[in-house]
Amino acid sequence: MTTHPELETVDMMLNMGPQHPSTHGVFRMVLWIDGERIVDMEPHIGYLHRGSEKLCEGESYGQVVTLFDRLDYVSNFNNEQVFCRAVERLMDIEVPERAMYIRTILCELNRVASHLLFLGTYALDAGAMTPVLYAFRERERIQNLYEAVSGARMMHNFIRIGGIKEEVPADFVPRVRQLLGELRRGVEECDNLLTFNEVFLARTRGVGVIDSDTAVSYGLTGPCLRASGLAYDVRKDHPYEIYPNVSFTVPVGEYGDCWDRYWVRVQEAYQSLNIVEQCLDQMTEGPIMPQMRRIARPPKGEVYVHGENPRGDIGVYLVSDGTDKPYRLKVRPPSYCNLTALRHMMKDAFIADAVVILGSLDIVLGEVDR
Amino acid sequence: MTEQDKPVSEPEESAPEGAADETPQVEAPASARPARRAPPHEEEAPPEVLNSRGQTTLGLLMRIADPYVLAHGGRDDIPWIETRAQSLIEVARRCRDHRDLDLKMLHCLLVVDYTEHLQAVYVLLSPVKGTRAILKVNVPADEPKVPSLTGLWRAADWYEREMHELFGMEFEGHPNLSPLILYEGFEGYPGLKSFPFNDYNEF
């Protein structure tokens, strides 16, 4: 075929989403492409905007927990925990030790469940059908435990200001121990299936690279930041609840590409299982709620609390005016901040890699739009 | 309400009692219904105290931003300083580039509506050193204007767009303050306290 240099070429605009299955929700992006290369892209969010922050101002503190369930709907416990910690800090409540251990066990298992969901769907994004079946089978075991503990598979509303809703079932400890054994095997199975698969490596190695300085400037946190080589983990840098009592390592990537982001998450799942095991060993009997007023009414003041979510660093800035409803509540959503770097990662990438890069960020749109 | 304010010793037993006490309130006519917001807590608020790490951070902040600081305070290891809008960029740049503070990440940006004035709150964080600090800027509600920090942090781009959309805060120097999360054609600033939102009629 002959080329005609005198012919004018224009970048083609391509719309992707919001109903595209690989966008993990309702996310739309507009890509400008030159042949196979992405010249520029623009993300469009807001399809799931419910005004959660404003809604919080009309609900009492106890009710706000239910709204936090609906932000990041695949790691509900972690969301509930960070909000309750903010209120507890403002009211100076000492959480009973047993409640903290149960919270941590549930949160860390939630991290494993979330990473398993990522592993399965990310493999789908990269063109592998099988791992999603394995990952969902393992995730189902965790969901069954949640159902036994809180009565719900997704919107638990289990962590309360000051402690937890109720005592866990009598067979909780042996059941979690058995679950740990099953999950270790299960995560390893998924890991073996996908991590060093040659096709998967070819799809993800060196794709969507972001260096640590740029990542910090964009406000990336969680696995996305650690993949770029910076070992920042709230559980280590600002330990909260019982994290000072447990030992774990923070897996760190090398190049900041899609494979590193994937690998960091898989390693984190193993670490979370270790944390759960240590919690089971250290946990003692005791109360699960402190002596406190039934209606939380924090004194005037403001507080900023953040914690490690499976997706990154979730923060809550809470302003109280002394009533039983928050005056202003701002959520710092990790997915939202991670998504801002998408444009940087996608520049000059192949159009076929767009889905792989987006998937590696592991966004949850409920949290991005709020 | 007084029943509920008592410390609860046995939640399982007292829960039905509390529920029984609440029923007459629900049935009261709409005109006699108490104000939507419960009265403030009578207890004295505990003073906000900084720990030793927070004191060190505050000392560093005061040293680099001394002429610009209007007020300061903090809780735990997160100190806050208040500056004027015109000196915000300078203070933020010094925070970011200081070797010991190393506040390289703009962690969170929010606007609080205090009806007579708006407050922009910038939470800064160092992923390497672990220091945290908060910058606050008060601006009048009728002319909410602060300089944009997009030149310092790329993360400021979306944060500022969102806050502009929800609170009408003007970020001077922002390259593109187009709507981000609300639907096209939405009018008003839903984040503001004056926006009618919680006063809908239930049916």
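**Helix packing, chain contact and nonpolar core**

In chain A, helix α3 (residues 76-91) packs against helix α4 (residues 97-125) at an angle of about 135°, and their axes are 7 Å apart. This angle makes α3(A) oblique to α4(A), because angles over 145 degrees would count as roughly antiparallel and 65 to 115 as roughly perpendicular. The structure is a predicted model.

Contact of α3(A) with α4(A)

- From α3(A), the contact uses A:Asn76, A:Phe77, A:Asn78 and A:Gln81.
- From α4(A), the contributors are A:Arg103, A:Leu106, A:Cys107 and A:Asn110.
- Sorted by class, this contact has four polar, three nonpolar and one charged residues.

Contact between chains A and B

- Chain A gives 44 residues to the contact and chain B gives 40 residues.
- On the side of chain A that touches chain B, at least two residues each come from α8 (212-218), β6 (301-309), β7 (312-320), β8 (328-332) and α12 (334-340) of chain A.
- That side of chain A is made up of 16 nonpolar, 15 charged and 13 polar residues.

Nonpolar core

- The largest nonpolar core has 156 residues.
- Within this core, A:Val87, B:Tyr122 and B:Leu124 touch the most other members.
- Helix α4(A) supplies the largest share of the core, 16 residues.
- With neighbours within four places in sequence left aside, B:Tyr122 is in contact with B:Ala92, B:Leu106, B:Leu109, B:Ile134 and B:Leu135.

Technical notes. Residues are numbered from 1 along each chain as its sequence is written. Chains are lettered from A and ligands numbered from 1 in the order in which they are written. This is a predicted model: local features need pLDDT of at least 70, side-chain atom pairs count only at pLDDT 80 or more; totals for chains, interfaces and linings use all residues. Two residues are in contact if their C-beta atoms, placed from the backbone, lie within 7 Å. Helices (H or I, at least four residues) and strands (E, at least two) are DSSP runs, numbered from the N terminus. Ala, Val, Leu, Ile, Met, Phe, Trp, Tyr, Cys and Pro count as nonpolar, Asp, Glu, Lys and Arg as charged, and the others, Gly among them, as polar. Axes are lines fitted to C-alpha atoms, for helices over the stretch in contact, and angles run from 0 to 180 degrees between N-to-C directions. Angles under 35 degrees count as roughly parallel, over 145 as roughly antiparallel, 65 to 115 as roughly perpendicular and the rest as oblique. A nonpolar core is a set of buried Ala, Val, Leu, Ile, Met, Phe, Trp, Tyr and Cys residues joined through C-beta atoms within 7 Å. A residue is buried if 20 or more other C-beta atoms lie within 10 Å of its own, exposed if 12 or fewer, and partly exposed in between; C-beta atoms are placed from the backbone.
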